[in-house]
Amino acid sequence: PDLTHELRALDAAHFLHPFTDHAALAAKGVRVITRAEGIWIWDADGHRILDGMSGLWCVNAGYGRRELAEAAYHQMLTLPFYNTFFQTTTEPPVRLARRLSELAPPVDGRRFTHVFFTSSGSEANDTNVRLVRRYWDLMGQPQRKVIIGRWNAYHGSTVAAASLGGMRAMHEQGDLPIPGVVHIEQPYYWQHRLPGETPEAFGVRAARWLEEKILEVGPDKVAAFIAEPVQGAGGVIIPPATYWPEVQRIVERYGILLISDEVICAFGRLGHWFAYERFGIKPDLVTFAKAVTSGYVPLGGVLVGERVARVLVDGGEFTHGYTYSGHPVACAVALANLDLMQRERLPERVRDDTGPYLAERFATLADHPLVGVAESCGMVAGLILVRDKATLEPFPEDWEVGLLCRQHCFDTGVVMRAVGARMIIAPPLVMTRADIDVMIGLIRRALDATWADLQRQGRVQG
Ligand code: PMP
């Protein structure tokens, strides 16, 4: 309690939190997390909480993995840092580039031959803006500048990455997007379906929004389309199976580049090393970050397919880069993390065992009076809190039922994130079936507590 008290005071006095209303935070009191092991985190008061969000979609290998700490320690003693600008390189980033290039399945026989390293997903998506515009310049089509993203997507917080994303509040506060970035709606069936429309029909219709936007902008002006295979921070939006094949046909028809932002979806999260494989997506560029190191150190980057890589490598100086492009310690930890994930077959486990099991168990939550839809894909899942199960009518926004439920989750001992009325999880991939049972039990208790609160307030009956 003393430590909680002290750190809360320091936090309130000095720390600016990302994406946080500081007045609301002060009213509740920030939670102080002090240690973690496996799939559990502990707060400074000794409460144990199941980390249903893997830190923030990062800690796929779980907490307390000694070999990742040791990889960092040894690399720091050998060579903590050297730059990659002065016609110099170091061992970990080149070995990691090779490793990622081997892990990424080729598309139509074309490999992902090169990697541009950054320290975060945001920087990687900024790099994408530079890369695609540079590519079209070198191809003699400098008028191809426009990048199409999707509303409600999150691609990072730098000025360019926030522009690619479609978070309207970010655009409003930042006077964004930058010129040459436009957006289409996300393929969210439960929000955009027409009466009687099947998910399959909706998937095709949603993909055609991309074609309409390309025609509106002018096909010869479009440089690229950026999207996550499954939209994560936007609320775990799982597209119908028909969506990606149709998007793929459209980008090919107009010859535009496709960027698969896999900051969340890669490294086993959806049961594959890279998620484009699962959905039959054929990207030219793949953004990664977060779980490449299981979050133990910051690292991100762009995997560059042969089509773009060849042009860039032959194209003279690409005037772009970061001090930490290829940081040796970060890359050494990433190599150790990939070793660990490969040895423990984490992507395969998610694909063949824990992913299907989570789907089965998570779906049982749909019988709860508060839950309209409960769906999952690999090790991400989302449920919708509704006022009316039959029509999926939502609660009034200002009741903040999502935030109420999130609070009950934390108090019950499981981290869930609220995106409006959608409650989402992305637990560590080292979860066992028994862990999944425990997690589902905790979520159900938190839903019961939320329901009881709403009853007490006279907002629901029954
Ligand atoms: N892309 C996606 C899909 C993300 O989810 C995130 C972070 N949540 C980012 C990019 C930005 O990554 P970072 O926070 O490392 O800059």
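Two residues count as in contact here if their C-beta atoms, placed from the backbone, lie within 7 Å. Axes are lines fitted to C-alpha atoms, for helices over the stretch in contact, and angles run from 0 to 180 degrees between N-to-C directions. Helices (H or I, at least four residues) and strands (E, at least two) are DSSP runs, numbered from the N terminus.

With that in hand, helix α10 (residues 199–217) lies across β5 (146–150), β6 and β7 (222–227), at about 145 degrees to β6.

This is a predicted model: local features need pLDDT of at least 70, side-chain atom pairs count only at pLDDT 80 or more, and totals for chains, interfaces and linings use all residues. Residue numbers start from 1 along each chain as its sequence is written.

Two strands pair if DSSP finds at least two bridges between them. An open, mixed sheet of seven strands runs in the order β4-β10-β9-β8-β7-β5-β6. β4 (112–118) and β6 (181–184) sit at the edges with a single partner strand each, so one side of each has no neighbour in the sheet. On average, neighbouring strands of this sheet are turned by 20 degrees against each other, direction ignored.

A residue is buried if 20 or more other C-beta atoms lie within 10 Å of its own, with C-beta atoms placed from the backbone. Six of the six residues of β12 are buried, so the rest of the structure largely encloses this strand. Val380, Gly382 and Ile384 are on one side, and Ala381, Leu383 and Leu385 on the other. The hairpin of β11 and β12 has two residues between the strands, and glycine 378 there takes a positive phi near 55 degrees.

| Strands | Sense | Bridges |
|---|---|---|
| β8 (257–261) and β9 (285–288) | parallel | three |
| β11 and β12 | antiparallel | six |
| β12 and β14 | antiparallel | four |

As for individual partners, aspartate 261 bridges to threonine 287 in β9, cysteine 377 stands opposite valine 380 in β12, and leucine 383 has methionine 423 in β14 as its partner.

**Two domains**

Domain bounds come from an automatic or database domain assignment, which gives domain 1 (31–61 + 345–456) and domain 2 (70–343). Their centres, taken over C-alpha atoms, are 27 Å apart. Across the boundary, 27 residues of domain 1 are in contact with 22 residues of domain 2. On the domain 1 side, α15 supplies the largest share, five residues.

Conventions:
Buried ≥ 20, exposed ≤ 12 C-beta atoms within 10 Å, placed from the backbone.
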